[in-house]
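Subject: Structure for you to look over

Dear colleague,

I am handing over the structure below, and my notes on what was found in it follow. Please read them with the structure open beside you.

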There are 2 protein chains.
Amino acid sequence: MREGLTVAEAESVVLEATGILGAETVSAWNAAGRVLAEAIEATRPHPPADCSAMDGYAVRRADLLGASETQPRTLPVVYEVAAGGQASRPLGAGESARIFTGAPLPPGADAVVMQEETRAEGGQVAFLVEPEPRENVRDAGEDFQAGDRLIESRTVLGSAHLGVLASLGRSIVAVHQRPTVAILSGGDELVEPDRLTDDGHIASSNSYTLAAQCREVGARPIYLGIAEDDPAAIEARLRAGLRADVIVSSAGVSVGDHDHVRGVLEKLGCRLLFWGVKMKPGYPLAFGVIEATGTLVFGLPGNPVSTAVTFEQFVRPALRKLMGHRLLHRPVVKARLARPMKKGRGRLHFVRVSLEREGDALVATPTANQSSGVLTSLIRGQGLAIFPAEAESFAAGSEVDVQIIDAGFFDRPDRGF
Amino acid sequence: MREGLTVAEAESVVLEATGILGAETVSAWNAAGRVLAEAIEATRPHPPADCSAMDGYAVRRADLLGASETQPRTLPVVYEVAAGGQASRPLGAGESARIFTGAPLPPGADAVVMQEETRAEGGQVAFLVEPEPRENVRDAGEDFQAGDRLIESRTVLGSAHLGVLASLGRSIVAVHQRPTVAILSGGDELVEPDRLTDDGHIASSNSYTLAAQCREVGARPIYLGIAEDDPAAIEARLRAGLRADVIVSSAGVSVGDHDHVRGVLEKLGCRLLFWGVKMKPGYPLAFGVIEATGTLVFGLPGNPVSTAVTFEQFVRPALRKLMGHRLLHRPVVKARLARPMKKGRGRLHFVRVSLEREGDALVATPTANQSSGVLTSLIRGQGLAIFPAEAESFAAGSEVDVQIIDAGFFDRPDRGF
């Protein structure tokens with residue numbers, strides 16, 4: 001087992017150990033956000049035949065050359081074609097046919113005049129314009145032809161993809177499975193929030209944060225509860241998570257006498273790949289794989305901010321990889337530092353910052369209390385400013401990379417780009 | 001009823017008619033993404049007492065002045081404080097206590113030395129550092145004090161907010177309700193995708209696109225099916241949606257003889273507020289309110305791209321307002337136009353574009369086929385370039401606003417900011 005990795009080394013170990021989950025077939029009706037596990041080819045042209053894009057009249061354009069508001073041309077309406085219907089016969093010279101949006105163009109017709117550009121005159125219709133060739137006609141196969149490759153595998157399905165699938169007649173679709181994530185809390189000081197009293201215990205909040213982080217990324221949290229600081233209790237709870245794709249423990253995998261998680265994990269066949277990452281918050285992070293099942297195991301530090309930040313850096317990219325995503329990382333933006341910063345060498349620092357626009361630039365202001373216990377500092381900021389391990393001081397105004405952890409940031413009109 | 005509104009006028013009518021849904025109480029466990037319908041105040045301090053941030057030893061700092069690697073100080077360990085436990089008595093001068101992360105600091109102690117900065121020596125412990133005052137001690141109330149206002153109402157709940165709620169002992173929380181959206185398709189040319197044959201009918205794809213657009217924004221779609229072009233059939237289906245918060249029909253509310261939706265809506269007590277918006281795609285858009293229930297009714301044009309784009313511009317902001325969001329709109333970025341564009345005066349154009357980075361700029365390239373029937377053009381682009389109603393021509397390289405409709409765009413490392 002390696003110890004004291006850099007953030008980049010640790011991420012690389014995690015992602016190398018992480019595969020892509022297999023496919024499952026789900027209804028296209030609620031497949032938005034899922035990652036496609038098949039390539040989609042058109043099996044038929046769309047639209048299947050030339051059809052009208054408007055409510056109006058199908059015409060032979062040659063009959064309306066020179067028609068205008070002041071010199072309308074008048075034609076008889078010889079039949080009607082409804083959407084879902086068919087023309088009863090080809091359209092002859094000097095004839096028009098009432099036609100509705102989506103209805104197939106009658107043979108012989110070569111344009112559709114919108115209803116708004118006509119005037120009823122007795123049993124006939126006066127046309128006020130000369131249509132362009134094939135005006136208001138959707139050509140057969142305009143959207144796609146049979147055999148066209150429409151959507152590549154590994155595409156994240158958005159609403160338009162699902163419309164395209166439906167238009168192909170596809171109501172079910174193969175997507176990568178969503179990982180299940182078994183979440184374990186630990187610590188004798190913890191009680192569930194609904195059982196909090198004034199006896200000095202604190203509410204287990206990490207499980208709530210972690211479950212929401214899982215859901216935000218599309219994974220399925222399974223909460224294993226709070227384990228007592230006792231190997232048998234920890235083992236019993238962890239066994240309930242052995243068939244999950246991922247186990248996340250915020251019980252702490254540390255060096256303390258009361259940190260039994262590591263021993264239990266080894267007993268359960270977990271090969272630990274590293275312990276300790278040179279970052280702040282979050283040094284005491286462990287990662288391993290249960291060899292029999294391939295379950296990934298993350299032992300996150302128990303301080304609330306350390307838990308949340310290490311999830312962001314290591315668990316979230318792994319979950320996205322499992323789900324088939326190609327883009328694994330949170331977006332990073334450039335910002336200017338509102339005030340000078342100092343840090344020690346050796347660890348990369350993730351500093352919670354709020355972002356405000358000033359002129360053309362984003363300005364990053366560290367939130368007041370950077371203690372790794374202070375979860376409220378995470379709700380006051382939108383991002384994590386990244387200070388490299390070997391750097392020590394940063395001038396006010398210097399440029400810094402900020403990882404955006406609040407997805408709503410991009411909805412802000414003042415975000416500065 | 002007004003006709004032929006500008007996009008801005010139409011949006012303003014829609015948002016004025018749109019309220020904010022009331023509260024419901026849900027489990028904090030799966031409240032991520034919901035909008036808070038109460039302000040959150042701390043009812044107790046957190047942490048509840050001074051406690052250790054590390055596994056190590058509680059000490060009186062005065063006993064370790066000058067301690068170092070080369071000149072360690074040795075103290076007896078007189079008791080142990082576990083997380084969830086209490087010190088058996090105050091710590092006296094010249095004493096230390098074994099302490100674990102989260103355990104309350106013994107009275108008399110004023111610092112904690114990490115285990116890594118100590119060495120066991122017989123039954124005693126050698127301390128290799130002089131701790132800072134209150135080093136590794138989390139102060140009572142460090143995160144928050146009783147009475148602190150922690151989260152404002154109308155906040156979108158992220159994972160950290162849910163952790164804060166849990167740490168307050170809150171396992172349920174009041175959030176704004178998610179709107180139900182009844183979706184009606186219409187047109188005799190349509191069949192459900194799983195019933196598509198080669199008889200010339202086309203698959204109803206708008207319902208799939210719309211359902212996914214609803215889900216992406218957090219609303220709950222209810223699909224009313226495909227209505228035949230017949231007033232009785234349309235009425236029967238719309239009645240099934242009257243208790244929804246929003247009805248979205250892509251059956252078309254147009255001027256054609258076969259567009260019966262408008263008449264049925266009026267019969268059902270819907271007051272139409274406007275018809276027709278000066279935009280492309282999407283002119284034939286209707287909006288009204290069913291007066292008895294307050295249900296918002298959107299009659300969207302039936303062409304797939306028109307349906308999707310008008311949903312984006314009018315339905316999505318309304319749904320976000322109903323859900324209590326303060327930020328209602330898709331993000332807009334600046335991009336340079338890859339090639340010159342021309343358009344007629346009078347309508348604002350939303351042009352599907354793909355975005356690529358070139359140097360410091362984003363370049364917007366219109367997708368090949370801008371026909372409003374071509375849904376595949378929406379999956380080839382990430383945004384809608386906005387060309388104002390009164391402008392006619394745009395040079396290559398000129399700056400254009402692009403509304404980002406693909407949320408994954410911001411995850412791209414090449415997005416250019």
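A crossing of two helices is called left-handed if the near helix is turned anticlockwise from the far one by less than a right angle, and right-handed if clockwise. Helices (H or I, at least four residues) and strands (E, at least two) are DSSP runs, numbered from the N terminus.

This is a predicted model, in which local features need pLDDT of at least 70 and side-chain atom pairs count only at pLDDT 80 or more, while totals for chains, interfaces and linings use all residues. Residues are numbered from 1 along each chain as its sequence is written, and chains are lettered from A and ligands numbered from 1 in the order in which they are written.

Between the chains, 85 residues of chain A and 85 residues of chain B take part in the contact (two residues are in contact if their C-beta atoms, placed from the backbone, lie within 7 Å). On the side of chain A that touches chain B, the largest share, nine residues, comes from α2(A).

Helix α2 (residues 159-167) of chain A meets helix α3 (residues 206-217) of chain B, their axes coming within 7 Å and crossing at roughly 155°; axes are lines fitted to C-alpha atoms, for helices over the stretch in contact, and angles run from 0 to 180 degrees between N-to-C directions. That angle makes α2(A) roughly antiparallel to α3(B), given that angles under 35 degrees count as roughly parallel, over 145 as roughly antiparallel, 65 to 115 as roughly perpendicular and the rest as oblique. The crossing of α2(A) with α3(B) is right-handed, and among the residues that make the contact are L162(A) and L165(A) of α2(A) and Y208(B) and A212(B) of α3(B).

Within chain B, α3(B) also packs with helix α6 (residues 304-322), at an angle of about 25° and with the axes 10 Å apart, which makes α3(B) roughly parallel to α6(B). This crossing, too, is right-handed, and the residues that meet include L210(B) and V217(B) in α3(B) and F311(B) and L319(B) in α6(B).

Finally, in helix α4 (residues 231-239) of chain A, I234(A), R237(A) and L238(A) are buried, a residue being buried if 20 or more other C-beta atoms lie within 10 Å of its own, exposed if 12 or fewer, and partly exposed in between, with C-beta atoms placed from the backbone. Seen down the axis of α4(A), these buried residues fall within an arc of 100°, so they line one face of the helix; the arc is that of the directions from the helix axis to the C-beta atoms. The face turned away from the buried side of α4(A) carries the exposed residues A232(A) and R239(A).

With best wishes
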